Amino acid sequence: MDIPPLAPRPVKRLLRLYPRAWRERYSAEMAAVVDDFPAGIGVAVDLLVGAGAAYAAAIRANRVLSSAAAYLHGVCVAFLLQAIAFVGLVLISEQSHSPTVFEIGPIRFASVTPLIDFGFYLDLRAPAVRSVIDLLLELALLVLLIASLVLVLRARRWLRAGTT
Amino acid sequence: MRRKRAILSAVLLALVTIAVAEAALVALLVVFSYVLKIDLSVELGSFGAAYASGQESGPLVKLYGPAAVAAVLFTAACGFAGATWTFRRWRPAR
């Protein structure tokens, strides 16, 4: 299936996504450059990535905006750490046959009551198969979350390297 | 006056960000409960909410009020630590 190239005008409209200061300085020459290239998906993606980089540079140049971005970054890291803690909690507690309680002194944070064994299973899977499948699912979620955390922690360095 | 308004706006925005993050976290925990086939129960004082996976014999995870308070404080601490670190170390680009 052929993907029709974008019309020149919509591609040039993507220049409006750039920060105002950038547009005031480079808009005219960038529009001329875009006119020289055949309008296509590649040019549109380049312009979108360029707009992101331009905003990253604009944010890095401002102390308050940089701090706000760092705040959001910290919140994202905390979010992922808590999701990892939840999956880890389920993973650890499933190794035990008695209820697991997470508490500090009289303060109780969480408790996990494990699978109740009635002597039969509602589904047709054998108990061992069921536990392996569940364990694999939990491990997959954990790996996915840890990979996301590494990506988020590395993103700032990559952005910094990309804008300098 | 303008400075006070700016500080108030920043604090409100920070609080809204934490609220959105915590709401998203609860939604994510419900999705995880569905995927992992576990029952989830959140008890915040007199208020309680529960999600049942539909499996009668599934494990039950109960989260109590202190866990929610700790989650909010941890999120806020991470955000403010990052913001303070960047604010203090920020240097204009050469």
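1. Strand 1 (residues 39–44) and strand 3 (residues 60–64) of chain B run parallel to each other and are joined by five bridges. Strands here are DSSP runs of E with at least two residues, helices are runs of H or I with at least four, and both are numbered from the N terminus. Two strands count as paired if DSSP finds at least two bridges between them. Within this pair, Glu43(B) has Tyr64(B) as its bridge partner, and Val42(B) stands opposite Leu63(B).

2. This is a predicted model, in which local features need pLDDT of at least 70, side-chain atom pairs count only at pLDDT 80 or more, and totals for chains, interfaces and linings use all residues. Residues are numbered from 1 along each chain as its sequence is written, chains are lettered from A and ligands numbered from 1 in the order in which they are written, and side-chain values use heavy atoms, with hydrogens and water left out.

3. Strand 1 of chain B also pairs with strand 2 (residues 47–51) of chain B, here in the antiparallel sense and again over five bridges. Val42(B) stands opposite Ala49(B) in strand 2. The two strands form a hairpin with two residues between them. In the turn, Gly45(B) has a positive phi of about 65 degrees.

4. The pairing also crosses between chains. Strand 2 (residues 107–113) of chain A pairs with strand 3 of chain B in the antiparallel sense, over four bridges. One of the partner pairs is Ser111(A) with Lys62(B).

5. Chain A has five helices and two strands, in the order α-α-α-α-β-β-α along the sequence. Of its 164 residues, 29% count as buried, where buried means under 20% relative accessible area, exposed over 50%, and partly exposed in between (1.4 Å probe, protein chains only).

6. Helix 4 of chain A covers residues 63–93, which is 31 residues. From first C-alpha to last it reaches 45 Å, close to the 45 Å expected at 1.5 Å a residue; the expected span is 1.5 Å times one less than the number of residues. At the start of this helix, a side-chain oxygen of Asn62(A) comes to within 2.9 Å of the backbone nitrogen of Val64(A).

7. Beyond its neighbours within four places in sequence, His73(A) is in contact (heavy atoms within 4.5 Å) with Val152(A), Leu153(A) and Arg156(A).

8. Which residues touch the most other members of the largest nonpolar core? They are Phe86(A), Leu145(A), Phe32(B) and Val61(B), out of 23 residues. Such a core is a set of buried Ala, Val, Leu, Ile, Met, Phe, Trp, Tyr and Cys residues joined through side-chain atoms within 4.5 Å. At least two residues each come from helix 4, strand 2 and helix 5 (127–163) of chain A, and from helix 1 (2–36) and strand 3 of chain B. Helix 4 of chain A gives the most, with nine residues.

9. Val61(B) has contacts in both chains. Leaving aside neighbours within four places in sequence, its contacts include Phe86(A), Leu89(A), Val90(A) and Val112(A), as well as Ile38(B) and Leu40(B). A second, separate core has twelve residues, among them Ala44(A), Leu47(A), Ala51(A) and Ala54(A).

Note on methods. Polar contact = N/O pair within 3.5 Å; in protein donor to acceptor, adjacent residues only side chain to side chain.
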